[in-house]
Amino acid sequence: MDRAALQERFGIVGSSQALMQVLDRVRQVARTDITVLVEGESGVGKELIAHAVHELSPRKHGPFIIVNCGAIPEGLIESELFGAEKGAYTGATERRTGYFEGADKGTIFLDEIGEMPLAAQVRLLRVLESGQFSRVGSNQTRTTDARIIAATNKDLGREVQAGRFREDLYYRLSTVRISLPPLRERKEDILPLFESFVFQSAQKYNSSRRTLDASARDLVRRYAWPGNVRELRNVAEQTVVLLRGESVSAADLQPFLRGVTAGTGTELMPIARTGEADETRERELIYRALLELRHEMRDVKEEMSKLVELIRGGFAARPSIEPNTLAGSNFVVVRKPEEDEEDYASYIEDVIYEIENGDEGEDEADDSALPDFMTNTQALPTLEDAEHELITRALKQFEGNRRQAAKALGISERTLYRKLKEIDEEL
Ligand SMILES: Nc1ncnc2c1ncn2[C@@H]1O[C@H](COP(=O)(O)OP(=O)(O)OP(=O)(O)O)[C@@H](O)[C@H]1O
Ligand SMILES: [Mg+2]
């Protein structure tokens, strides 16, 4: 598959020299089983690249498992990755299969590898060297045929110097490094990316295209994009949903860019300003909040559909892995994440539509288009309080038995444990 076909297939936009080199690397390493380290700031596309490597590899029919090493509590990471025997640690009531076993014949993507605790690093090194590991609490040697792709937004070399990362592991991991430069270092990619995301959003929201005028083009090229492609995607989507008119100027864009307001410099949300545009600003803020909510929901939805696939694939059906645990620890199998809309998202879409169209001709901001729970804050307890209350009740009902309480609440014991800890910290 040539570069263009690869870009087309994975929706990878851009033509910078740096990106071309990355894509060439992807094509070279995909055929092999070589360990790859993907480096780059947050939002540059590390996961996209890792996914492409898997999909282009002979392992493409096997699982692609993403483990966010930064999201798993330190004390659990070894058993999550390598599995654990019953009774291996307090609370290990059942035998647990680890992600490495699940990734057999596929690819395991160890995201935020720099967050991995030292003890787990030792086990990982062993897997890298020999393909061997053992479950926590067992000395039976097992083997796994999982291809490892790791990613980091930290400078691992510096982590080694600081004593937080093993040097031998660092060398093992960095046989092949793919570095994704931040957007500000490949400015030629900015406009094509922007246009592509605007095009996608216009289709998704059934809206007309937006074109950046010369001042806006200049601004997006000068802007530093601290959140890289992810931030750019969000801004492009916001211009489609929030702005009217085909042409977008620098002044239109400014409110969406961090630290680029006409006034004092670092204002993120220009709502505090008084005067002419207060109501428009306020509405803008509500839109933005809804959009963010929508993004979050989309992420949740993606995670959930991946999980469904995982379950269909028969992996989660094994008794030692509970769906909740999987979702909670960012453990997912990505074959083809579905992008279709779910109920909640389209509900929010409806709300956005109502806000956009329901108040035509009125000059007062009208919140009747907002769902009740958003305007009537008195009517309901906060989610946190309600959760707290439910957990307390469940524990009481099962006389403090956490396993039964968790089961009744439909969450994993680990989630319950985490929530109890959160409640503890609040008090
Ligand atoms: N070149 C690109 N073309 C199109 N979309 C891209 C490109 N690079 C990144 N994206 C998109 O930008 C978003 C962020 O990318 P991704 O999640 O891969 O970044 P990341 O480096 O893993 O970020 P983080 O460090 O925050 O996890 C995703 O929606 C991804 O599809
Ligand atoms: Mg990522």
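Predicted model: local features only at pLDDT ≥ 70, side-chain atom pairs only at ≥ 80, totals over all residues.
1. Start with Asn206, in the loop between helix H9 (190–204) and strand E8 (211–212). Asn206 counts as exposed because it has 8 C-beta neighbours inside 10 Å. Its phi is near 55 degrees, a positive value in a residue other than glycine. Most residues other than glycine have a negative phi.

2. Lys105 is another residue to check. Its phi is positive, about 70 degrees, although Lys105 is not a glycine. Look for Lys105 in the loop between helix H5 (99–102) and strand E3 (107–111). Lys105 counts as partly exposed because 13 C-beta neighbours lie inside 10 Å.

3. Now take Arg59, a contact of Lys105. Arg59 sits in the loop between H3 and strand E2 (64–68). Is Arg59 buried or exposed? Arg59 counts as buried, because it has 20 C-beta neighbours inside 10 Å; the cut-off for buried is 20 or more. Leaving aside neighbours within four places in sequence, Arg59 is in contact with His54, Lys105, Gly106, Thr107 and Arg147. Arg59 and Asp104 are 45 residues apart in sequence, yet their C-alpha atoms are 9.8 Å apart in space.

4. Arg166 also lies in a loop, between helix H7 (156–161) and helix H8 (167–173). Arg166 is partly exposed, because 18 other C-beta atoms lie within 10 Å. Not counting residues up to four places away in sequence, Arg166 touches Leu118, Gln121 and Leu125. Leu156 is ten residues from Arg166 along the chain, and 9.4 Å separates their C-alpha atoms.

5. Next, helix H2, residues 17–30. H2 has 14 residues and reaches 20 Å from its first C-alpha to its last. That is close to the 20 Å expected at 1.5 Å a residue. Which residues of H2 are buried? They are Leu19, Val22, Leu23, Val26, Val29 and Ala30. These residues are on the same side of H2, because they cover an arc of only 135 degrees around the axis. What covers them includes helix H1 (3–10), strand E1 (36–39), H3 and strand E7 (176–179).

6. H11 has 15 residues. From first C-alpha to last, H11 reaches 21 Å, close to the 21 Å expected at 1.5 Å a residue. Its buried residues are Asn228, Val229, Leu232, Arg233, Val235, Ala236, Glu237, Thr239, Val240 and Val241.

7. Then the ligand. Which residues come nearest to ligand 1? Of the 17 residues around ligand 1, the nearest are Ser42, Gly45, Lys46, Glu47 and Val229. Helix H3 (46–56) and helix H11 (228–242) are the elements that give two or more residues to this shell.

8. What is the shell around ligand 1 made of? Six of its residues are nonpolar, seven are polar and four are charged. Domain 1 (3–181) and domain 2 (185–268) each supply at least three residues to the shell.

9. Last, the whole protein. How many helices and strands does the protein have? There are 19 helices and ten strands. Of its 427 residues, 30% count as buried. Among contacts with a separation of 6 or more, 71% join residues 24 or more positions apart.

Note on methods: Residues numbered from 1 in each chain as written. Chains lettered and ligands numbered in written order. Helix = DSSP H or I, 4+ residues; strand = E, 2+ residues; numbered from the N terminus. Buried ≥ 20, exposed ≤ 12 C-beta atoms within 10 Å, placed from the backbone. Contact = placed C-beta atoms within 7 Å. Near = placed C-beta within 6 Å. Nonpolar A, V, L, I, M, F, W, Y, C, P; charged D, E, K, R; others polar. Domains from an automatic or database assignment. Expected span 1.5 Å × (residues − 1). Arc of directions from axis to C-beta.
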